[in-house]
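The sequence and structure come first.

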Amino acid sequence: MQKFKNYINGQWEEPKTNSYFNNINPADTSDVIGQFPLSGQDDVDAAVHAATEAFKRWKRLPAPKRGDMLRKAGDIFSARKKELAKVMTREMGKPTFETEGDVQEAIDTAYYAATETRRLFGHTAPSELGNKMNLSFRVPVGVCGVITAFNFPIAVPSWKILPALAAGNTVIFKPSKDTPHSGIIFAEIMEEAGFPAGVFNVLIGKGNMGNMLVEHPGINLIGFTGSTDIGLKIAETGGRLNKRVSLEMGGKNAQIIMNDANLELAIEGALWGAFGTTGQRCTATSRLIVQSGVYDKVIEILAERASKLILGSGLVDGNQIGPVIHADSLANCENYIKIGMEDGARLVCGGKRASQGDLAKGYFFEPTIFADVTPNMRLFREEIFGPILSIAKAETLEQAIEFQNNCDYGLSSSIYTRDVNAAFQAIRDIEAGITYINAPTIGAEAHMPFGGVKGTGNGHREGGWTAFDIFTEWKTVYIDYSDTLQRAQIDNY
Ligand code: UN1
């Protein structure tokens, strides 16, 4: 069986713990992918040392030169797209058309970040004094720890890593324990693209290893995507140690369907939003709020279509829905079925583990729909991270928006309507970082701000130009060429 290594200081290193764990394919649990390092404190120390040393030189390299390497990385991601997609699917289950899209987000991010190295605009402003110039520009933060989830093994890490490097930071990346192989290929690509030793490092591990990064005094910033539980702990530690922390946590995204919507389009959007990536997206549609005039019809058509989705290994063409990631995730889905029934929701399709034929080898769960869900039910409020959609009925636009906002999270949202007034009212009143009009809750593009309000995050936005607000600090410079002492606020008043 293949034994994998960490990537530290430009070298492939065995973990100093000499311990490993096996990772398996969630679509076929007898398929063991390989042995991966269980890194410990010594490995973290070595990576931090390497990244700290490398930072001294990397931050001095002209940003457009960093951009040249990012562009090269984009080219290699492109060349390896199909191969990498298969590795990702084998590790985390979603079909290869989705993992190819996942790699494409990294390609887009690489090229975007590369061009941004020729902008990274600052500001100039008039001085209040004569013969004096004021300007302000971005400087890197330092060594960044990047900790991410399994569901987007390449795209989401790339949203953090590539802008961080563009801005002159160095990075230590801890991929999800469920997708270590994807993280290793990320490192291979960065190595081939020519990033100098120590600028980008990958540490594989589980359990407390992520916390070792968060606690390490040599790490200046943590970029995290994952569960709310862990995110809040990172925020606490970051607060105590005065580290910059960017958090992307849960979602409970709703799609609204109004009576006047193009129903065919709205239903297609709901199916993709709810069951794409087996519902395991931060942006997944887990609530559908349907206006009363089309409520019964939407449920009927959706249930029929959802029960026809083809489950199976994402490595086989034609399969539409892969497994969930773990046995625990299956148990979690089963638990929410119980909760939904107890709370009085109406199960209209799915509701159990799928185990016919080859499906028994993996963690497959039937696409599930609950109707008659009300805003106080747990189904309507809690993130499930699985293929379970809850449908609620609303009488008016105002009520639909009220239901949508009645939630602790605020990542993505959507409304299907042909009424321009309703669409603009929704844009104004929906509490979410992202709102789609006549499109599902999933489908963020790499060059636009990505993130959420309320319990979803802590105010940062990845993606696009806003990622640079996370990964840079401002340096303000006053240049006085008057040859006299000019005292601001005093000599000029
Ligand atoms: C996530 O679920 O963490 O918009 C990211 C989307 C994808 C990204 C999702 N482009 O669904």
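## Basis

The model is predicted: local features need pLDDT of at least 70, side-chain atom pairs count only at pLDDT 80 or more, and totals for chains, interfaces and linings use all residues. Residues are numbered from 1 along each chain as its sequence is written, and side-chain values use heavy atoms, with hydrogens and water left out.

## Helices α9 and α10

Helix α9 (residues 263-275) packs on helix α10 (residues 295-308) at an angle of about 50°, and their axes are 10 Å apart. Helices here are DSSP runs of H or I with at least four residues, strands are runs of E with at least two, and both are numbered from the N terminus. Axes are lines fitted to C-alpha atoms, for helices over the stretch in contact, and angles run from 0 to 180 degrees between N-to-C directions. The angle makes α9 oblique to α10; oblique is what remains after under 35 degrees (roughly parallel), over 145 (roughly antiparallel) and 65 to 115 (roughly perpendicular).

On the α9 side, the contact (heavy atoms within 4.5 Å) is made by Leu263, Glu264, Ile267, Ala270, Leu271 and Phe275. Lys297, Val298, Ile301, Leu302, Arg305 and Ala306 make it on the α10 side. By class, this contact of α9 with α10 has nine nonpolar, no polar and three charged residues. Ala, Val, Leu, Ile, Met, Phe, Trp, Tyr, Cys and Pro count as nonpolar, Asp, Glu, Lys and Arg as charged, and the others, Gly among them, as polar.

## Helices α2 and α5

Helix α2 (residues 63-79) and helix α5 (residues 155-166) cross at roughly 145°, and their axes come within 9 Å. Ala63, Arg66 and Leu70 of α2 meet Leu162, Leu165 and Ala166 of α5. Five of the residues in this contact are nonpolar, none is polar and one is charged.

## Largest pocket

The largest pocket holds about 1,200 Å³ of space. On a 1 Å grid over the protein atoms alone, a pocket is an open set of points with protein on both sides within 12 Å along at least five of seven lines, a cavity is a set where a 1.4 Å probe fits but cannot get out, and lining residues have an atom within 4 Å of a point. Grid points are joined across faces, edges and corners, and a volume is the space filled by probe spheres set on the points.

Of the 40 lining residues, Ala149, Phe224, Gly226, Ser227 and Ile230 are the closest to the pocket's centre. Helix α8 gives the most to this lining, with six residues.

## Cavities

The whole structure has three cavities of 30 Å³ or more, and the largest cavity holds about 80 Å³. Among its 15 lining residues, Gly279, Arg281, Ala284, Ser286 and Phe385 lie nearest the centre.
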